[in-house]
Amino acid sequence: MAKGTGISKAVAVGIGVITVSSVCGLVLMVVMFQIQIEEKRPLRPPRPTKPPVIPTDLPTNLRLYDYLIPESYKVVLQPYLYSAITNNYTNQSFFFTGKSTVKFKCMKVSKTILLHVHNLNLTNVEVRKSDSNEKLESRYTIHYNESNFLEIQLEGELSGNGTYYDLFTTFEGELFEDLTGLYVSRYTEESKDEDGEDEERFFATSLLQPTDARRVFPCFDEPALKAVFDITIIHRPGIIALSNGKGETDSTEIDGEQWFETIFSQTPIMSTYLLAFTITNFEYISIPSGTNMDIYARREAIAAGHADYAAEITRKILIRYENEFELKYPMEKLDQIALPDFSVRGMENWGFISYQESGLLYDEDSGSTFDKEWVATQIAHELAHQWFGNLVTMRWWNELWLNEAFATYMSYTGVEAADWDLKDLFVLREIQSAFQVDSLNSSHPLSLHENDIQTSSEIIELFDDVTYSKGAAVLRMLSAYMTNEAFMKGIRTYLKTFEYNNTVYNDLLECLQKETNLDLEGFMSTWIEQVGYPVITIITQTGETSQEQFLLKPGAGHDIPWHVQITYIKSDDSGLKKDLLRVKGPVRRPHFQLKDQWVLANINCTGFYRVNYDEENWNKLLMQLEKNRHLIPLINRGQLIDDAFNLARAHRLNVTIALSLTKFLVNETEYIPWESALKNLDHFILMFDRSEVYGGITKYLRKLVTGLYGHFEEYTNNATIPEDHTDQYNQVNAISVACAHGLPECIEMATSLFMDYKNGSNMIHPNLRRAIYCSAIAAGDEDDWEFVWEEYQMTTVAAEKDKLRYALSCTKEIWLLNRYLEYTLDPSKIRKMDMVSTINYIAKNVAGQPLAWDFVRGKWSYITQEYGAGIISLGSLLDGVTKRFSRDVELEELKQFQREQDKNEKGFAARALEQVIERTEANIKWVNENKQNVKDWFNGEL
């Protein structure tokens, strides 16, 4: 045990008292402290402040900073190009220099300026504060990748809060013949002297959409970064300079040489891709109007009156739009120019629209009525863009349809001012075209997420049938749903509210929603935001109605239902009725439960959907067409054929029902059902013209078309055409099909007229030349081919050149087709803008298809290098040369081609390649399942 200790009682009592007193004191102090805290809370000590984060890193995507906002540009360009070389001691110069000052606003402190530049050599870069002209020391880096970033790093920093700065650059660049940016082109001009030789002429022009303004000068090259532009062009004597604004030209001397300086009036606030520049010796005609309107073209085209028709209709279409939109055209001038080499049909540059020659020029002597219609359609499309795209612009390319779908849809109204009624053709040209690409899993929604569209290649791929044609079809459907009056009222509000600004789809929706009590968001979101379209299935025995995504290749679609307004008529009640289907179903609709009647849905194809029925209803409709086709509306006669054939391709309908729907055409003379049938039978030809099935197909078509050929034969033999425009189209169908499938009287007619042409007397009506030239070349020899090639080289009328260029692809001689393919990559023989369509013409020929595919594969690296930088559609090239693909070996070739592209990481036409692979897989499956049935059906009809 431990040793113990002890204390007295008195000491113990004292210690106890002291302890108790201490505890009480402590408790009191705690209480008083809490009272003081409640009455006056102490302040926390200040946290240490962190310095603001000043951005220095590049964006994680390929988009520019949103806090650097351009306001104005002053751009001076000096191309050293001569329009002609008239002596032996002057060298042509494909070179330009320039300088640019962009004033921009900075909304956030930053040490970095980011904008775009591509294929330019920068010789000076300076950044100054706008108010004081203080120079900010900097260094710059050009990123040679898909970003095209010009990154300027500052030693100091940009102030935020809306401070203005000026970025000054000088630069130089080359004028390539690549049809992108500011490029050079050439053409031949007839000598003014009768004995003189033709002379080569040069001009420079531009195509900046979608991302090529950066090839001309450093800029913030995104559609939402709008600014005003002051453009000056310094050019050689003897040529003129054109741009978006009105120009004033004065002579000046530079380094002892005479030059001319054209200063253009300031543009309104606009996107960079809408700028345009041309330096040329073209001539022009003026259109009497309150707005300055001139049309520019080659001297001989103007002298021959080829621009007269465009001059006649431009003002009419413009006024129609001004009245329709209740908004005046905002620019002080409207110039249009016809270019011999331009990679797109037309470009809506604000105040200075560019076209291929065939889109603006019309020759009364050699032009067809189709050529004339084409000019009206192109002008109407580009003029519609002056409001949709130029005045009001989509915020980013992911919603390109806000530009292109509206221009496409409104053009059908615009051409009415030029006396063209084409609205019934909308179904053939827009709906049926869009149906094809949108029936693939590799299609895309109208509105994509912004982050899904980054690179120039991804942007270019959006210029497709979904964006243009499906977008226009959806607008047409929406107009029918909410009434055209309410739709146009909403459109006027949209244009007025957002003029000179950028929009997203929801901005449009809000303006339209104000004009109706209908749930537009619920109705439209499914059509805009999701891929594909539905097939509506109606079972008349039960009335059950359902919908699901229509796919050519059955597989993993999506289960999201569309809001579908089903319009319909019945055999015992022709009154139009409506039914809104919001669910996938099946749901029972008593009005679709029928015994002895038939039902027909989607009247006049106002909805963007296909319709399938039970076999009994299909047979009733088939019998009605054969008994009295006129009880079925004209557009629906074409729709029934197109739906049935595509339902058969998608394994949803027996192929014999689709084929049987063509039998009534023996007595039909209308264009829409015939064109629908021929488009779809052309797919059968593509699938089977390399097999034993083709014999039955060609005999059936010869029998089917004999009556139609006879219907128009008197016109054809007398070198005349019917009065009705759609009859004129069907006359061409009759000749094309009859000659292609061996109708003796057609081949004899074509050969005879062609021989007269070779002998110096071309009595072939311009409407019929394309078909007759092709038929004659297909039946002819090398001498005939050489004659047409010489004619092609000699003619200067673009529309006639196009007819001859097509005819050259019709020969059956393999060696001539191979020669023609080689010509397509020689711009002195086939213009660059015509390369894709010419190869596709050759691929359409059964003898030329394997040659074209091998050619494209073998030359792909060269083609993408020379043609892949701009907006030329390499996707349409892949689509054209693979349309016949329906064999396993062809699928493997496509997949190998895809692997090579993935390895090279080029990204050209990647979406199109996915689509043709998916289509080929669907073709293989369909042919394997239907070949024998198709063969038996055609043989049974002989």
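## Trp 853 and its partner

Trp 853 is buried, at 2% relative accessibility, in a model that is predicted. Its ring pairs with that of Phe 885 in an edge-to-face arrangement, 5.3 Å from centre to centre and with 90° between the planes. Trp 853 belongs to helix H24 (residues 849–867), while Phe 885 is in the loop between helix H25 (874–881) and helix H26 (888–904), so the pair ties together parts 32 residues apart in sequence. Phe 885 is buried as well, with a relative accessible area of 1%.

How many aromatic pairs does the structure hold? The count is 58. One of them joins Tyr 284 and Tyr 296, whose ring centres are 5.1 Å apart. Their planes meet at 40°; the cut-offs are under 30 degrees for stacked and over 60 for edge-to-face, so this pair counts as tilted. Tyr 284 sits in strand S16 and Tyr 296 in strand S17 (residues 292–297), so the contact links parts that are 12 residues apart in sequence.

Tyr 321, Phe 325, Tyr 329, Trp 387, Phe 388, Phe 406, Tyr 494 and Phe 498 make it up.

## Charges over rings

The charged end of Arg 236 sits over the ring of Tyr 82, 4.0 Å from its centre. The charged end of Lys 103 sits over the ring of Tyr 164, with 5.0 Å to the ring centre.

S19 pairs with strand S20 (residues 352–356) in the antiparallel sense, over two bridges. Within that pairing, Met 347 stands opposite Ser 354 in S20.

## Strand S4 and its two neighbours

Strand S4 (residues 121–129) pairs with strand S8 (residues 163–174) in the antiparallel sense over eight bridges. Asn 121 has Glu 172 in S8 as its bridge partner.

S4 also pairs with strand S5 (residues 135–136), again in the antiparallel sense, this time over two bridges. Here Arg 128 stands opposite Lys 135 in S5. The hairpin of S4 and S5 has five residues between its strands, and Asn 133 in that hairpin takes a positive phi near 65°.

## Disulfides

The structure has two disulfides. Numbering the bonded cysteines in sequence order, they pair as 1-2, 3-4. Cys 739 is joined to Cys 746 with an S to S distance of 2.0 Å, and this link is left-handed, with -95° about the S-S bond. Both ends are out of the way: Cys 739 is buried with a relative accessible area of 9%, and Cys 746 is buried at 0%.

The other bond runs from Cys 774 to Cys 810, S to S 2.0 Å. Its torsion is about -105°, so this disulfide is left-handed. Cys 774 lies in helix H19 (residues 766–779) and Cys 810 in the loop between helix H21 (798–808) and helix H22 (814–823), so the bond ties together parts 36 residues apart in sequence. Cys 774 counts as buried at 14% relative accessibility, and Cys 810 is buried with 7%.

## Other cysteines

Cys 219 is buried, at 0% relative accessibility. Cys 605 also counts as buried, at 4% relative accessibility.

How values were computed:
Residues numbered from 1 in each chain as written. Predicted model: local features only at pLDDT ≥ 70, side-chain atom pairs only at ≥ 80, totals over all residues. Heavy atoms only, no water. Pairing = 2+ DSSP bridges. Helix = DSSP H or I, 4+ residues; strand = E, 2+ residues; numbered from the N terminus. Disulfide = S-S within 2.5 Å. Buried < 20%, exposed > 50% of the residue type's maximum accessible area, 1.4 Å probe, protein only. Phe/Tyr/Trp six-rings, centres within 6.5 Å; stacked < 30°, edge-to-face > 60°. Lys NZ or Arg CZ within 6 Å of the ring centre and 35° of its normal.
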